[in-house]
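Work through the exercises below with the structure in view. Each task is followed by a solution in steps.

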Amino acid sequence: MSSMETQNVAQTPGNQEALSQVTPRFAETPAVRKKLLCQKIAKIIFGLMAAAMIVPLLLILSYLVAKAWPTLSWEFLVDVPKRGMTEGGIWPALIGTVYLVFISLAVSAPIGILAAVYLNEYAKDNWLNRIINLAVINLAGVPSIVHALFGLGAFVYAAKMGYSIISASLTLAIMTLPVIIASTREALASVPIAFREACWNMGATRWQTIKAIVLPNSISGILTGVILQVSRAAGETAPIMFTGVVFYKAVERGTLFPYYLNEQCMALSMHLYTLSTQVPNVQESLPYATAVVLLGAVLLVNATSIALRVYMRSRKKW
Amino acid sequence: MFVLAIFFFVFREAVPVLFSPDFSLKEFLFSTEWYPTSASNVRYGTLALTAGTFSVTALAMVIAVPFGLGAAIFVSEFCGPKMRETLKIVIELLAAIPSVVWGFIGLTIMSKIISQTTGAPVGVNVLNGAIILALMSVPIIVSIGEDALKAVPDGFREAALALGATPWQLVYRVLLPAAKNGLLAAVLLGVGRAVGETMAVLMATGHAVHIPSGILDSVRTLTANIAAELGEAPAGSPHYRVLFLTGVLLFSITFVINLSADLVIRGIRRKGRGA
């Protein structure tokens with residue numbers, strides 16, 4: 001194609017008639033036309049590929065919501081499952097998920113943030129830290145079911161915590177930790193080095209610099225990362241199904257503190273799995289409604305984090 | 001540290017079975033006979049499970065890679081800034097959908113569609129699992145692929161455009177060769193996610209432990225097998241230990257995949273710094 005173009009270009013100046021005519025300066029040669037056609041086709045194909053990802057998603061979501069609509073109500077949220085889980089609401093699962101998420105993040109967020117501060121602000125580039133980095137990256141890629149095996153072996157049996165909320169939360173904490181470390185490091189690294197140098201030049205110690213300059217400037221990024229892990233922890237099923245979450249546990253309708261930490265609990269994600277595969281003759285819209293509640297909660301949390309990020313970016317002064 | 005801890009604890013539960021007289025590692029890796037609860041003829045061969053994992057992952061990648069890379073190219077090169085922001089947010093939300101919800105979609109919606117359009121007796125099979133896994137890994141491929149395309153220096157783009165290239169010529173003559181490694185890493189991370197995925201494949205692929213003969217066969221993957229049987233295996237029994245050993249196998253597979261993706265990305269960074 002490129003050789004054709006050179007030919008065309010070479011011919012044009014020689015042709016006096018063509019120059020004198022009123023044709024626009026850069027007339028479309030066949031090669032250019034072909035080029036532009038290719039461009040159009042490529043753009044349409046890639047656009048369709050992007051659309052092929054989004055359209056089914058919207059269809060699926062609307063189908064889920066339509067199926068769930070008859071059951072979705074406040075009553076559904078605060079009621080307990082009835083008649084062998086074939087009717088009723090999802091309160092025990094909902095509150096169980098809240099427990100698991102908060103305890104796991106109460107563990108993983110402080111450790112993760114401190115580890116990231118150390119790695120980003122103090123650690124030198126030696127082999128130990130390189131290994132830690134590598135470990136953090138790979139830990140994020142460990143399959144969730146392997147986390148389940150780890151939780152079962154380490155917390156349930158080795159640490160003798162038994163099947164309990166605390167074992168399940170710790171398993172989730174281990175799972176969310178590497179991602180929190182990674183996102184916090186990214187937030188810390190986005191604070192310009194000049195800010196730190198200015199502070200050091202004023203005679204501040206490293207810790208004073210971190211406290212007064214680095215953390216305040218990166219707090220939104222850190223929060224975004226932590227919030228994202230709320231939704232991840234809420235959605236995971238495999239790591240908790242063998243460490244402390246059960247199919248069914250009777251609790252009172254609408255109570256805020258139904259569980260002790262050394263007890264087992266229900267969780268939304270597990271409840272959806274149970275309803276759709278283990279319970280026969282379930283009222284048809286019930287699993288759909290559970291799916292919609294879980295999905296709604298997760299997407300809401302994610303949307304919050306995205307909104308926070310966009311807002312903070314618009315306020316960024318450098 | 002934590003990686004070692006995880007490996008240690010998973011391995012600790014698995015080790016005793018390695019030294020028991022009835023167990024051979026060769027059989028574990030290369031036999032297709034998986035009868036963990038049989039009374040007379042107990043067999044722990046994971047080949048069928050490994051084949052399940054690889055068939056589902058391979059088909060998922062056949063679907064996801066063209067769409068993922070195509071969407072990445074579109075997002076990075078062919079659309080305006082407003083559309084790009086919107087698409088990126090949608091992709092992020094897509095990545096956030098919990099796997100159990102994907103599994104539920106596979107079990108209810110997708111299986112109905114598949115059994116109606118293909119006439120397969122059961123809708124939960126390799127194809128179903130692959131479609132679900134493809135939908136799950138596309139967001140990763142798109143976001144990392146887009147990063148890789150963005151990492152190509154703007155000077156390359158400006159040079160190509162100044163020569164009169166259209167964006168499409170720019171993409172396949174300049175960007176694809178330049179971002180080759182980053183796109184490879186994106187695909188590898190997508191594979192890693194697909195191999196490690198548990199709940200979605202547990203619910204969407206059916207439960208037949210055998211080597212699949214077609215894409216409408218039901219299979220069981222390594223991950224789904226652990227999830228399905230760990231609850232039934234009494235703690236400390238050989239069955240329980242073999243499941244942990246399966247975990248070790250799975251861990252090793254994903255570790256190798258993630259490590260190679262990481263090395264590929266790191267290689268790019270070093271080259272970028274040198275230039």
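**Exercise 1. Find where H7(A) bends, and by how much.**

Step 1. The bend at a residue is the angle between axes fitted to the seven residues ending there and the seven starting there. In this predicted model, H7(A) bends by about 30° at A:Gly151.

Step 2. Compare the length with the expected span, which is 1.5 Å times one less than the number of residues. Helix H7 of chain A covers residues 144-158, and its 15 residues should span 21 Å. Its end C-alpha atoms lie 20 Å apart, which agrees. Helices here are DSSP runs of H or I with at least four residues, strands are runs of E with at least two, and both are numbered from the N terminus.

Step 3. Check the cover. Of the 15 residues of H7(A), 13 are buried, where buried means under 20% relative accessible area, exposed over 50%, and partly exposed in between (1.4 Å probe, protein chains only).

Step 4. Look just past the helix: A:Lys160 has a positive phi of about 55°.

Conventions: residues are numbered from 1 along each chain as its sequence is written, and chains are lettered from A in the order in which they are written. Local features need pLDDT of at least 70, side-chain atom pairs count only at pLDDT 80 or more, totals for chains, interfaces and linings use all residues, and side-chain values use heavy atoms, with hydrogens and water left out.

**Exercise 2. Describe chain A as a whole.**

Step 1. Count the elements: chain A has 13 helices and two strands.

Step 2. Of its 318 residues, 44% are buried.

Step 3. Take contacts, meaning heavy atoms within 4.5 Å. Among those in chain A with a separation of 6 or more, 76% are between residues 24 or more positions apart.

Step 4. Accessible areas come from the Shrake-Rupley method with a 1.4 Å probe; for residues, only the protein chains shown count as cover.

**Exercise 3. Which residues make the nonpolar surface patch of about 270 Å²?**

Step 1. Patches are made of residues with over 30% relative accessible area and no salt bridge; like charges are joined within 9 Å, and nonpolar side chains (Val, Leu, Ile, Met, Phe, Trp, Tyr) within 5 Å.

Step 2. The patch consists of A:Leu37, A:Ile41 and A:Ile45.

Step 3. A:Ile41 belongs to helix H3 (residues 30-68) of chain A. Its relative accessibility is 45%, so A:Ile41 counts as partly exposed.

**Exercise 4. Which side chain meets B:Glu92 in a salt bridge?**

Step 1. A salt bridge is a side-chain nitrogen of Lys or Arg within 4 Å of a carboxyl oxygen of Asp or Glu. Over all chains the count is six.

Step 2. The partner of B:Glu92 is A:Arg309, at 3.3 Å from N to O. B:Glu92 sits in helix H4 (residues 81-96) of chain B and A:Arg309 in helix H13 (residues 285-315) of chain A, so this pair joins two chains.

Step 3. Both ends are partly exposed: B:Glu92 has a relative accessible area of 24%, and A:Arg309 has 28%.

**Exercise 5. Trace the salt bridges of B:Arg157.**

Step 1. B:Arg157 meets B:Glu77 at 3.0 Å, N to O. This pair links distant parts of the chain, 80 residues apart: B:Arg157 in helix H7 (residues 154-162) and B:Glu77 in helix H3 (residues 47-78) of chain B.

Step 2. B:Arg157 also meets B:Asp154, at 2.9 Å. These two are three residues apart in helix H7 of chain B, so about one helical turn separates them.

Step 3. B:Asp154 is partly exposed at 48%, whereas B:Arg157 is buried at 13%. The shared partners join B:Glu77, B:Asp154 and B:Arg157 into one salt-bridge network.
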